[in-house]
Amino acid sequence: MTTVHERVDTFHDNDQKPVGYGRMLRKEDPRFVRGRGRFVDDVRLPGMLHLAVLRSPVAHARILSIDTSAAEASPGVKAVVTGAMLAEQGLAWMPTLSNDVQAVLATDKVRFQGQEVAFVVAEDGYAARDALELIDVEYDVLDPVVDARRALEPGAPVIRDDLEGKTDNHCFDWETGDEAATAAVFARADVVVSQDLVYPRVHPAPMETCGAVADFDPVDGKLRLWSTTQAPHAHRTLYALVAGIPEHKIQVISPDIGGGFGNKVPIYPGYVCAIVASIVTGKPVKWMEDRSENLISTGFARDYIMRGEIAATRDGRILAIRTNVLADHGAFNGTAAPVKYPAGFFGVFTGSYDIEAAYCKMTAVFTNKAPGGVAYACSFRITEAVYLVERIVDCLADELGMDPAELRLKNFIRPEQFPYTTKTGWVYDSGDYEPTMRLAMEMAGYADLRREQQEKRARGELMGIGIAFFTEAVGAGPRKNMDILGLGMADGCELRVHPTGKAVVRLSVQSQGQGHETTFAQIIAEEIGIPPDDIDVVHGDTDNTPFGLGTYGSRSTPVSGAAAALVARKVRDKARIIASGMLEVSVADLEWDKGSFRVKGDPGKSVTIQDIAMRAHGAGDLPEGVEGGLEAQICYNPSNLTYPHGAYICVVDIDPGTAQVKVRRFIAVDDCGTRINPMIIEGQVHGGLADGVGMALMEMIAFDEDGNCLGASLMDYLLPTALEVPDWETGFTVTPSPHHPIGAKGVGESATVGSPPAIVNAIVDALEPFGVRHADMPLTPSRVWDAMRGNARPPI
Amino acid sequence: MQVTMTVNDVEVTREIEGRLLLVHFLRDVLGLTGTHSGCDTSNCGTCVVWLDGEPVKSCTVLAAMAGGHEVRTVEGLAKGAELDPVQQGFMQCHGLQCGFCTPGMMMTARALLNRNPDPTEAEIREAISGQICRCTGYATIVRSVRWAAVHEANAAAAVTETTESREAGEIDNAGQPAGSVV
């Protein structure tokens, strides 16, 4: 079901136009449905060798010795490399995206189970794995730090003794908002509610794991690297810094990527190992991790232990929100976030509400676990922020005896308040929250659902209705504030129109399934009138695309999409001058009619963009000062983020005999401003909602007290199948971003951000007869069962 | 050891190790890289191909076990240039995003429609429950399979109608080859 509610009439979805925005089938699909996608593991080069990584079986241990002799003698083995060997080249450690360092191969000790210890290069993958079994490592096992809440206790084992003078497991402190002002508001509030909440460690688990093919040519000194990266240009720069290969001699190619979800933003040791292996052997080397390696060692998500506090008046006016967070960052701080934002954009935890004060204090710690934190469609920690605020607002509703929808409606930031500066300093660009909320309630039949719930409760049946209303912050970001390792978060775009009026557009961002090859062609088509089928979208090849920071944080549409619109306008401006020469009128006498310039008042006199393209490349004079060709390039520096919003309503039924939760309905109304391709947005939302079901009900990367990872395969790390999710019901409103060239906001992560609190709120609502006010994810049957009996416990 | 099997109607014979998995035989030996590998515990189903017409997870079959049998992969799903209705359905209904689970999903869907041409939504969800998709949230995959079922039924009805028309002496001027699905 799709319900249309348009508030602003200057931007439309328009399925009728032949070129531009609307439901256009994907240009990517024909190759994928024929099995002709080209993923990293499909790359085969002459003489290619295969690399396998030996990983630590324990969470924390000194390495006493490594004996590789038997492995070296194993059939087909070309090289066996240890951390000590990398250290001789200065490559044993590499910088992370958070200005920490991470071991490529462990030298002194291992710091998490699954950490890279050595690698083997062999003629095929089977031989490489055989040889791993023959490497003999002697470990002196140390006590691990597993529980983040005990990481700073005196006497806790120091994980990062590699860092000069480090005597504890403290990673960083961070705060935002006004502590004193917030305390003052809390002191005079009628009602204060506080709640401990854990957002457990989960994993993005893209279906394609991480991998690379490195091909270093010793003759021309050029490194070609096919890899599963969401940020090929940033990776190229980092490899240049790490390996000392000049940047113009590195070509990073990110081919078709089988899903990223933030997992493929960081640089992993395996990539660096493949590069080293190719340099050492003089052959192309492929590294492709398996699922267990992906789950145990690559970027996890979440792992925030939060205390949320909310202050309000007795009649339901929210006054202030305060939170204290303990963040578990694992053994190395590998968080992928703008450097000035160690907690990402968690500062938006005040949500969609107009409040008087807010404050957050955060402490991050090292533990003996894999690095990560920012991943899995979190938009830089907004998943955690939205979960916090939407859970404590529900706790407040419960305390006040108010309907949770009514409480939200009463406290929304009002449309006339935008641009709205939050108490933590974020400037929301636009929003009209109430119509979005009302539409979701109408689609759900909210009043009827509450009546049904009353009837079911009377019969002893457990039904819950959960609401989440979120404001996202996507499109990082303004270069004066936001950079990754010193690289400003702008994005380039290049558009070249060929003589016959076909075009190629080159992007700095990198799709992992989000449909960029289709939607960027639509943006260009909308701006310049060339049909999308005549526009080829090139991305993911650093030799052939302009520099930019890649795809994550739902930033492609806000940043790169803006760049695409503006570069097309730049080309159009030149086309206008050429057209004026062709029609022998001044540029002021021309009007644009999507695909052609015509003379005002004389519509019979016109030239198409295709005519102009030929003229630009052909014989004959061009207007004075105009060069031949029809192309342009720009680098777009956004002035602000975009702030899409949404209203989600979830209906669950719980079997009182088994505590099994069934998500019966899920209504999602999203507002991402101007919609480029409604079909693709719907697909993005569906995927994110399934993430929410997974996180809320099934997924967790757990550890035992020895630091063994208990979620390191799909036998234990449970992802939703078609049986665990309902048929989603989506709708939308349109509130454009005023600062964006086409009014479009990002949306890809909205559903992953917004759905978990809706599901948890529904479950807690269903368990009201048991007096449950909160239960932590993942709400598996056993955890719901315990909650029903008053034994709700944190997951870690 | 030597193994001989039929892959997408072509007989192939290769020298292989006994431990070689069918998924690696297809991808690395034959270069049929449409079949993917997404896990190591037989859960994800991105490697689904047919063994004698039945969907199997090719990561959990030794290549040697396929000796003497017929294997069909995503590359053998279309009939020449004409896409299978399942392939068309996935495109029409946006049943794929990154495309990594798609080959396996389509092979399972085709096998389902072969034995049950008119499956309900619940039957489709059950049929693909051995397969994981991280992008779509499944709803559009269900719609894609239904699209294929409906279009195949319509095409079959059109063929029947055309045959009846011909028998009645009418001229078929639709210009479509019998049985084509547009």
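Is Phe380(A) buried or exposed? In this predicted model, Phe380(A) counts as buried, because its relative accessibility is 5% and the cut-off for buried is under 20%.

A search over all chains gives 25 aromatic pairs. In one of them, Phe380(A) is paired edge-to-face with Tyr552(A), with 6.1 Å from centre to centre and 75° between the planes. The two residues are 172 apart in the chain, so to speak of where they sit: Phe380(A) is in the loop between β20 (372–373) and α9 (382–400) of chain A, and Tyr552(A) is in the loop between β28 (535–538) and α14 (556–583) of chain A. Tyr552(A) is buried as well, at a relative accessible area of 9%. Both belong to one aromatic cluster, together with Tyr341(A), Phe345(A) and Trp426(A).

Now to the contact between the chains. Chain A brings 54 residues to it and chain B brings 50. About 4,200 Å² is buried between chain A and chain B, and carbon and sulfur atoms give 54% of that. On the chain A side, the most area is lost by Val33(A), Tyr126(A) and Met207(A), together 19% of what that side buries.

Among the helices of chain A, α16(A) gives the most to the side touching chain B, with 9 residues. By class, that side of chain A holds 26 nonpolar, 13 polar and 15 charged residues.

Technical notes
Residues are numbered from 1 along each chain as its sequence is written. Chains are lettered from A and ligands numbered from 1 in the order in which they are written. This is a predicted model: local features need pLDDT of at least 70, side-chain atom pairs count only at pLDDT 80 or more; totals for chains, interfaces and linings use all residues. Side-chain values use heavy atoms; hydrogens and water are left out. Contact means heavy atoms within 4.5 Å. Buried area is the accessible area (1.4 Å probe) that two parts lose on being put together, summed over both. Helices (H or I, at least four residues) and strands (E, at least two) are DSSP runs, numbered from the N terminus. Ala, Val, Leu, Ile, Met, Phe, Trp, Tyr, Cys and Pro count as nonpolar, Asp, Glu, Lys and Arg as charged, and the others, Gly among them, as polar. Rings of Phe, Tyr and Trp (its six-membered ring) pair if their centres lie within 6.5 Å; planes under 30 degrees apart count as stacked, over 60 as edge-to-face and the rest as tilted. Buried means under 20% relative accessible area, exposed over 50%, partly exposed in between (1.4 Å probe, protein chains only).
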